[in-house]
Amino acid sequence: MEQECVIEETKGNIKIITLNRPRKKNAINNEIYIRVTKILNDAATDDEILIVVLTGTGDFYSSGNDFNASNDVPVTDLSRNLREFINAFIRFPKILIAIVNGPAIGIAATTLPLCDFVFASENAYFYTPFTKLRIIAEGCSTVTFPKLMGVRRAMEMLIMNYKMSAQEALNCGLINYLHKNDELHVKAWDKITEISNLSPDSVLTTKRLIRKFDMDKLLETNILELQELQRIVKYSNLNSKL
């Protein structure tokens, strides 16, 4: 099941995680949460790995949480796995890169600010329809979105269910690079290769210094968001889901 949902590859000092549920638009189920968390945590302590790259198969990066697949998972287990998944992004000490090959929805969008570099194709969009689903934002987006794009645009994204285009995402800093669909992977891998050839000590020390002041705040925000999410889920028609 894990091998079908997630493809894990290693190329030199680069680990590649590919979400592989194209028929489900790479919707993230409980198995993916567990598998990706383990890969990130293992890579964090692997001296041979400098970079982890996240991407998806097919025409979607990810359509977000797979509510239907979560029906058989106890809400406490799913909440714990979601918390550890987000914490793995926050704590990851190496370079974390997303190649957004298509739309990124929900958790797939909210975790992008936790990445160090984000490449996106022109057909990507970014959509966080939490209030439409009668739930709340996660992935620390209540902190990272206002910081990146300003409070007013973050309100539109997280409350008004605004669908952000790839060009807008570039303009507000949610992504670093925007490429034509057929050039995305070539252009992204040119940059990734460039990073992989830099001094690991220099790269990782710089990341640590940039990220360290936000880490405690993000870990605390993750706890608070998921506590509120559990509270809302408990009294909603999503009472068996997240």
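In the predicted model, helices α5 and α6 cross in a right-handed sense. Helix α5 spans residues 141-149 and helix α6 spans residues 151-158, and the two pack at an angle of about 135 degrees with their axes 7 Å apart. This angle makes α5 oblique to α6. On the α5 side, the contact is formed by Ser141, Thr142, Phe145, Pro146 and Met149, which meet Val151, Arg153, Ala154, Met157 and Leu158 of α6. Classified by residue type, the contact of α5 with α6 comprises seven nonpolar, two polar and one charged residues.

The structure contains one cavity of 30 Å³ or more, and the largest cavity has a volume of about 90 Å³. Its lining consists of Leu19, Ile28, Ile32, Val36, Leu54, Tyr61, Phe85, Phe89, Ile107, Ala108 and Thr111. Two or more of the lining residues are contributed by each of α2 (30-44), α3 (75-91) and α4 (107-110). The lining of the largest cavity is made up of ten nonpolar residues and one polar residue, with no charged residues.

The largest pocket holds about 540 Å³ of space. It is lined by 24 residues, of which Pro113, Cys115, Asp116, Ile210 and Arg211 are the closest to its centre. The elements giving two or more residues to this lining are β6 (117-121), α5 and α9 (200-234); α9 provides the largest share, eight residues. The lining of the largest pocket divides into 14 nonpolar, four polar and six charged residues.

For the second largest pocket, the volume is about 230 Å³. Among the 16 residues that line the second largest pocket, Phe92, Pro93, Lys207, Arg211 and Met215 are the closest to the centre. Helices α3 and α9 are the elements that give two or more residues to this lining, and the largest share, eight residues, again belongs to α9. By class, the lining of the second largest pocket has eight nonpolar and eight charged residues, with no polar residues.

Helix α3 gives two or more residues to the lining of the largest cavity and to that of the second largest pocket, while α5, which packs with α6, gives two or more to the lining of the largest pocket.

Key: Residues numbered from 1 in each chain as written. Predicted model: local features only at pLDDT ≥ 70, side-chain atom pairs only at ≥ 80, totals over all residues. Heavy atoms only, no water. Axes fitted to C-alpha atoms, helices over the stretch in contact; angles between N-to-C directions. Helix = DSSP H or I, 4+ residues; strand = E, 2+ residues; numbered from the N terminus. Parallel < 35°, antiparallel > 145°, perpendicular 65-115°, else oblique. Left-handed = near helix turned anticlockwise from the far one by under 90°. Contact = heavy atoms within 4.5 Å. Nonpolar A, V, L, I, M, F, W, Y, C, P; charged D, E, K, R; others polar. 1 Å grid on protein atoms, 1.4 Å probe; cavity = no way out; pocket = protein on both sides within 12 Å on 5 of 7 lines; lining within 4 Å. Points joined across faces, edges and corners; volume = space filled by probe spheres on them.
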